Structures are given as structure tokens and as C-alpha cells.
Amino acid sequence: MDNKGKSVLDKIFAVYDNLYEAEKKIADYVINNQEEIIDMTVSELAVKSIVSEATIIRFCKKCKLKGFHDLKINIAKEMVNSEEISTSNDIDIKNIGQSLKNILANKIEELKQTISMMNEDVIREILTIIKEARIVQFVAVGNTLPVALDGAYKFNQIGISSVVNIIWETQLAFTYTLTDKDVVIAISNSGSSKKLLSLVDVANKKHATTISITNHENSPLANKCKYQINTATREKLFMDEFSFSRVSAMTVIETLYLLLTAEKRDAYS
């Protein structure tokens, strides 16, 4: 997948876990001070972030931006085009009304970015492969297991034989039974789960078709899978230390399900 559909924030979130500590300081400052960034020089941002100017340039490159000027221009354009004029990143129990608006605005943006990043040709190929598969195995660990469970349930509803298991060892054991007629859909926000990486290695050796659903397009998991579907998550706007959102991944599953249902004329019967 390419980066053309991503906003500056989503480009930052996509690479955040792979940034050096100094680069994360820049990312954190940009995320929380977008309006100020537009009027800053690279020297001023370096002072505010307590990093070198060279680090800022490297940070921009990692975010698939040409440089600091490109960063500012894109932020300015996005602010002008934004329909939400009274939202922020704050959640405050003392102001439930505004907090609800802030959460809604960012959740809507998550979904918009996730859908906009979908490549039509790639999705078409994935749908064909899933329809023709002998078995579709959904795999995940920890927080994303509910997404895998939902995916298997939905696919089985429309006659696509699907399996999922909450026990990791059982997931791995089943993968050893796959063939080149099967599909593995691996779901991980970070894309760096060692368990999923080892499972995908087995799936590839068995010549099963592997598909990743992850927020990090250059993650180890995405790089190991034949097909990638990227998601966008903005939980870091609200919670600095822990990202737990499943909304985007659920949206991908729902999208595949609806497209498959529309294509399978016998789905309801």
C-alpha cells in the first residue's frame, strides 16, 4: 500500500514504534502542537523538542515527507480542509460533551484514513483469493483476538469456511495442516508480534496465501505477508503509553465481509 491517502498524523503513527527516542520527542511535539508547528522554523522545533535539526530532517524522511517545510505545508492543508473546527485531543471527565466530540472526530478520521488507504486492485485480488480458499484461518494474539473471532464468525455466515482459536499453540498447530489452497489473515496493530511472525513463517512454508492487517505498513509482519491491508489508529492522541483501538481493524473485516456478501449471490441462502 502507498502513503498517498495518509494524513501527517497517520504517517507519524504508522512509524512511531520504529522511531528513535529523539525522533519520538519530535513526533510527540508535532502531535500535540500542530497549530504552532505551522509558524515554526526548524531551529525553533529543535529547541522545543530538545533535539538537533538533523534529527528533525531524518524524522520527516521516516514519515515519507520531503522535509520540515513539507511537514508544515501538509499540516496547514489538513487544518484548512478539516470539517471539525472545535475539537482537540483532550478527554476530561469534567467536560463530557466536548470529550465526546473529540473522541468522535478522531474515530471518524481513523475510519476515513483506513478506507482511503485501501488499494482497489489489491482488495479485488484478496477477495478472489478468499472466495476460492479451502479454509481461511484468522490469527491474532492478545488485544486483537476479538477481531479475529469476529472475522471467522462473519465469513462462516456467508459460507466461507473459516477457523480461529484463542489458544496460541492451537493456532500454530493448525497452521501446519494448511495447503496452498488456504489463506491466513494475521491481525496485529504493531505488526511485530513474535508469535504471529513465527506462525506466518510456517504458513509461507506451507504455501498458504498470507494477508496482514496492521497499522504499520513496514512492520515485520507486513513484510512477511504476500498482501497487506493498512489501518489507521489515533489512540496515541488520547493515551501516550498504550494503543488499544480495534475500531480500524474491525472496519477492515466488516468491509471485506460486505464486499464478499455482495459478490456471493448465494450468501443469504
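Two strands are taken to pair if DSSP finds at least two bridges between them. Helices (H or I, at least four residues) and strands (E, at least two) are DSSP runs, numbered from the N terminus. The structure is a predicted model, in which local features need pLDDT of at least 70 and side-chain atom pairs count only at pLDDT 80 or more, while totals for chains, interfaces and linings use all residues. Residues are numbered from 1 along each chain as its sequence is written, and side-chain values use heavy atoms, with hydrogens and water left out.

Five strands form an open sheet with parallel pairing, in the order β2-β1-β3-β4-β5. The edges are held by β2 (162-163) and β5, each with a single partner strand, so one side of each has no neighbour in the sheet. Between β3 and β4 there are five bridges in the parallel sense, and A186 has S212 in β4 as its bridge partner.

Two helices pack on this sheet. Helix α11 (residues 194-205) touches β1, β3 and β4, and its direction makes about 165° with that of β3. Helix α13 touches β1, β3, β4 and β5, and its direction makes about 135° with that of β4. Axes are lines fitted to C-alpha atoms, for helices over the stretch in contact (heavy atoms within 4.5 Å), and angles run from 0 to 180 degrees between N-to-C directions.

Just after α11, H207 takes a positive phi of about 65°.

A nonpolar core is a set of buried Ala, Val, Leu, Ile, Met, Phe, Trp, Tyr and Cys residues joined through side-chain atoms within 4.5 Å. The largest has 31 residues, and V136, F138, F155, I185, I187 and I229 have the most contacts inside it. Elements that give two or more residues to this core include α8 (120-132), β1 (136-139) and α9 (145-157). The most is given by α13, with six residues. Apart from this core lies another, of 25 residues, among them L19, Y29, L45 and L71.

K181 lies in the loop between α10 (168-175) and β3. K181 is exposed (over 50%), with a relative accessible area of 55%. Leaving aside neighbours within four places in sequence, K181 is in contact with E132, A133, R134 and I135. The C-alpha atoms of K181 and E132 are separated by 7.9 Å, although the two residues are 49 residues apart along the chain.

Technical notes: Buried means under 20% relative accessible area, exposed over 50%, partly exposed in between (1.4 Å probe, protein chains only).
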